[in-house]
Amino acid sequence: MELRFAIAAGLTYGAGVISELVFDLPMLGLPLVFFLGTYFFGGFFTIRGAISSTMRGKFEVDFLMLVAAIGAALIGRWAEGAVLLFLFSLGHALEEYAMSRASKSIEALAELAPRTALVRRNGDEPVELPVQQINIGDVVVVRPNSRIPSDGFVVSGVSAVDQSAVTGESIPVEKSPVNDPERALRNANTLPAANRVFTGTVNGAGALEIAVTATAADSTLSRVIEMVRTADQAKSPTQQFIDKFQRWYVPVVIVGVAVTLGVSLWGFGQEFPDAFYLAMTVLVAASPCALAIATPSAVLAGVARAARAGVLVKGGGPLETLGRVTTMAFDKTGTLTWGEPRVSSVIRVEGAAGELLVPTLVAVEALSDHPLASAILRDLAPELGERDRLEVTDITSVVGRGVRATVEGELVEVGNLRMFDEQGLALPQPLSTEYERALDAGQTIMIVRRGDRFLGIVGVMDVARAESAQVLIALRAVGVTQLVMISGDNQRVADAVAREVGIDTALGELMPEDKVTQITVLSERSRPIAMIGDGVNDAPAMARADIGIAMGAAGSTVALETCDIALMSDDLGRVPFAVRLSRATSRIIRQNLIASLAVVAFLIIATFAGLNIGAVVLIHEGSTLIVVANALRMLNFDRNREHHGIDHEDAPPRDRPEPAAA
C-alpha cells in the first residue's frame, strides 16, 4: 500500500509539473490540484509516522520531512514540497520493500509447518485435523515426502528426514522407532537424534508414525520463529548509541534550522521566502534517514542469514558482541566430544590368556549395570562369533571397585586398580606400563582377571569430535586467541582431550557453580567472553558469560531459553561461521554509518552552495537505499561455505538404552 501511494504521488507530481511547464496552465489552478494530490499521497504515511513517533516523545525523520514540506507550502513553493514528499515516500517504500527481503526469509519459516495432520487416536483410522487440535501423546501419520506437522519421536517406520530448515543440517538424518513409546514420552527431551523429529522438517521415502511431544504453539519451530521475530529487541551496542545520538541530534537540527533562518534574514538580508526555503533545505539535508536505518538493516539481514544456516541469534546485541570475542570457553562432554563413551584401547597379555580378554569381558558386561557396559557391548560384542559366547553366573557388584562373576567355573574380576591392590595383586610389568600410558591419555581403565591370571586391560573414553581440532584452528584464524575448556571430568581426562584438540587451558573437576566462578575469572582478564555448552548443566556458566552458545538447541527447551546464540543442530563446525558472520555484520554497520554521516555532511555544504531541495531529497533517499542494499549483502554471506575449512563429522550411531522411568 505504501508503495502504491508513493507511485500515485509520483504520478500527481508529474502531472502537476507537466500542466505548469508544458501546457502553461497555472492560471487554471490545475498544477496546485495535482500538487495537493502529491501532498496527500506522499504525505499520508509520512504523517502517520510523524504522529506515531511524536506521541512516543521522539522527533524522527518523518517529522522533519513533514515540517519541510509544510514550510515549502507556506511560502508558495508547492512543487518543491510535493517533490520532497514524493521522493521521501518513494524512498521509504523502497526501503521497506528491500528490508522485507530479510524479513521474508524469516517469515518463510512460518510457512514450513503444515496446517493439518493425519492423527491416529486409540488405534483408530487416521483423521485429518488442524495442527492446533493435536495434543501431546497423539500419534500423527506422516506420508513419504511430506512435511512433519509436530515435534515428536518415531514410533513406527524408518525414513531419512531433511532437517535443514530447522537445524541447518545439509544431509537428511536417518530416523528409526523407539522401543518403548510410553517410557520415551516421559523422557522425550533425552531421546537420541535418531528418534526425534521436528515440525516443518521433510520426511523422506518411508512412512512414519510419530508420537507428539509438543503442541503447535510450543514446537521447536514456533519458538525459533518467535525468537527471530523479536530479535530486534536485543539491540546492538551500536544501535543503542545511535538511538541516544538521535535523541539530541534532531533537536540540534531544528535549532540549526532556526539559526540558518535568522542568519539568512538578518545577517545576509535575504527575503523571507528565500531564507525560509534555505532553512527548509538544510532541514532536509541534515535529516538522519540513512543513519537511522544503517544498523537495523544490517542486524536484520545478519540474523536472517544466521537462521537460514541453523544458527539462532537473539538479536543485534549478541550478533555484534560475538564478533569482538577473543576468549571462548568450551564444555567438554557433548561439545568438544560426542558425550558417548567409546572403547579406545584393548591391550591383551601375550598367549592364550590374552585371547580370552574380549569374550570374557563381553560376557560379564552383558549382565552388568555398570555405566560403561553399553560401550563395551556396542564396540566389542560385534567382533565375537557364537563360539565365543560364554556362560556367566553369580555376578555381583563391588561398589567403587568393579564386578565379580563366575565364567565357566572360574572367578572373573573386572574393575579398577584399587580392586586388585586391596588383594595384593600387582599387574605384570608390560601390562602395568600400558596401564599408565592409557591413564595418561585420559582413558577409564577396566582390568580383567580370570582365575589366577590377568587377561589384559580395556580403555574407554569420551572421544573428541574429529572436527573439534579444525574448529579451534578456524576460530584462531578469525581472531579468537584464548581457548579454554571447563569440564566436570577429572583433570587427567581434561588434559588428554585438550592436547588432542588444541585447547590452550583445560580446567577439570568442576561442578556447575565452579564453572560459573571460572567464567567470572576469565571475564576479568578478557571481555567479552563466550561460553559454548549444551545449555543444561552449563546453563549457569552460559548465563554468566557475555555470550552463551548452546549446542543442539533444537532438542532442548532449556538451551533455547538460556542461550544468546543457539546452534540448532549438534554441529560445532558452525561456530566459526557465526563469528565470521558477526564480524562481517559489524563491518557493514561501520560502512553504513560512515557513508550516512558523509552524505549528511556533503548535503549540508551543498545546500549552502545552492543545491535545491529536490536534488537534496533525491541524494538523501538514494543514500538510504544504498545503505539498505549494502546491508542486504549479508543475506548471501558465506553461502554454502558455513563449514569452510572444516570437515563435518556426523554424530556416531548411538546404541543407547532408553532412559528409565522416573
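This report walks through a predicted protein model, from its overall make-up to a few single residues.

## How to read the model

Because this is a predicted model, local features need pLDDT of at least 70 and side-chain atom pairs count only at pLDDT 80 or more, while totals for chains, interfaces and linings use all residues. Residues are numbered from 1 along each chain as its sequence is written, and side-chain values use heavy atoms, with hydrogens and water left out.

## The overall picture

Let's start with the whole chain. The protein has 24 helices and 22 strands; these are DSSP runs numbered from the N terminus, helices being H or I with at least four residues and strands E with at least two. Of its 662 residues, 52% count as buried. Here buried means under 20% relative accessible area, exposed means over 50%, and partly exposed is in between (1.4 Å probe, protein chains only).

The accessible surface comes to about 29,300 Å², and 58% of that belongs to carbon and sulfur atoms. Such areas come from the Shrake-Rupley method with a 1.4 Å probe, and for residues only the protein chains shown count as cover. Contacts (heavy atoms within 4.5 Å) tell us about the fold too: among those between residues at least 6 apart in sequence, 69% join residues at least 24 apart.

## The nonpolar cores

A nonpolar core is a set of buried Ala, Val, Leu, Ile, Met, Phe, Trp, Tyr and Cys residues joined through side-chain atoms within 4.5 Å. The largest one has 103 residues, and Leu84, Leu322, Met328, Phe330, Leu475 and Ile503 have the most contacts inside it. Apart from it lies another core, of 39 residues, among them Val358, Leu427, Ile447 and Val460.

Which residues does Met328 touch, leaving aside its neighbours within four places in sequence? Its partners include Leu322, Leu475, Val480, Ala530, Ile532 and Val579.

Helix H15 covers residues 373-380, and its buried residues are Ala373, Ala375, Ile376, Arg378 and Leu380. Among the elements covering them are strand E12 (337-348), helix H14 (357-365), strand E16 (444-450) and strand E17 (453-464).

## A cavity between helices

Rolling a probe the size of a water molecule over the atoms shows where empty space is left. On a 1 Å grid over the protein atoms alone, a cavity is a set of points where a 1.4 Å probe fits but cannot get out, and lining residues have an atom within 4 Å of a point. Grid points are joined across faces, edges and corners, and a volume is the space filled by probe spheres set on the points. By this rule there are two cavities of 30 Å³ or more.

The second largest cavity has a volume of about 30 Å³. Its lining is made of Pro288, Cys289, Ala290, Leu291, Ser596, Leu597, Val599, Val600, His620 and Ser623. Helix H10 (289-308), helix H23 (575-608) and helix H24 (613-632) each give two or more residues to this lining, with the largest share, four residues, coming from H23. The lining divides into seven nonpolar, three polar and no charged residues. In this count, Ala, Val, Leu, Ile, Met, Phe, Trp, Tyr, Cys and Pro are nonpolar, Asp, Glu, Lys and Arg are charged, and the others, Gly among them, are polar.

## Residues in loops

Is Pro149 buried or exposed? Pro149 is buried, because its relative accessible area is 7%. Leaving aside neighbours within four places in sequence, the contacts of Pro149 include Pro114, Val131 and Thr199. The C-alpha atoms of Pro149 and Val131 are separated by 6.9 Å, although the two are 18 residues apart along the chain. Asn145, by contrast, is exposed, with a relative accessible area of 62%. Phi of Asn145 is near 60°, a positive value in a residue other than glycine.

Another loop, between helix H20 (512-525) and strand E20 (529-533), contains Pro528. A cis peptide bond, with omega about 0°, joins Arg527 and Pro528.

Asp394 belongs to strand E13 (residues 392-398) and has a positive phi, near 55°. Asp394 counts as exposed because its relative accessibility is 59%.

Gln470 sits in helix H18 (residues 468-477) and counts as partly exposed, at 23% relative accessibility. Beyond its neighbours within four places in sequence, Gln470 is in contact with Gly645, Ile646 and Asp647.

Terms used. 1 Å grid on protein atoms, 1.4 Å probe; cavity = no way out; pocket = protein on both sides within 12 Å on 5 of 7 lines; lining within 4 Å.
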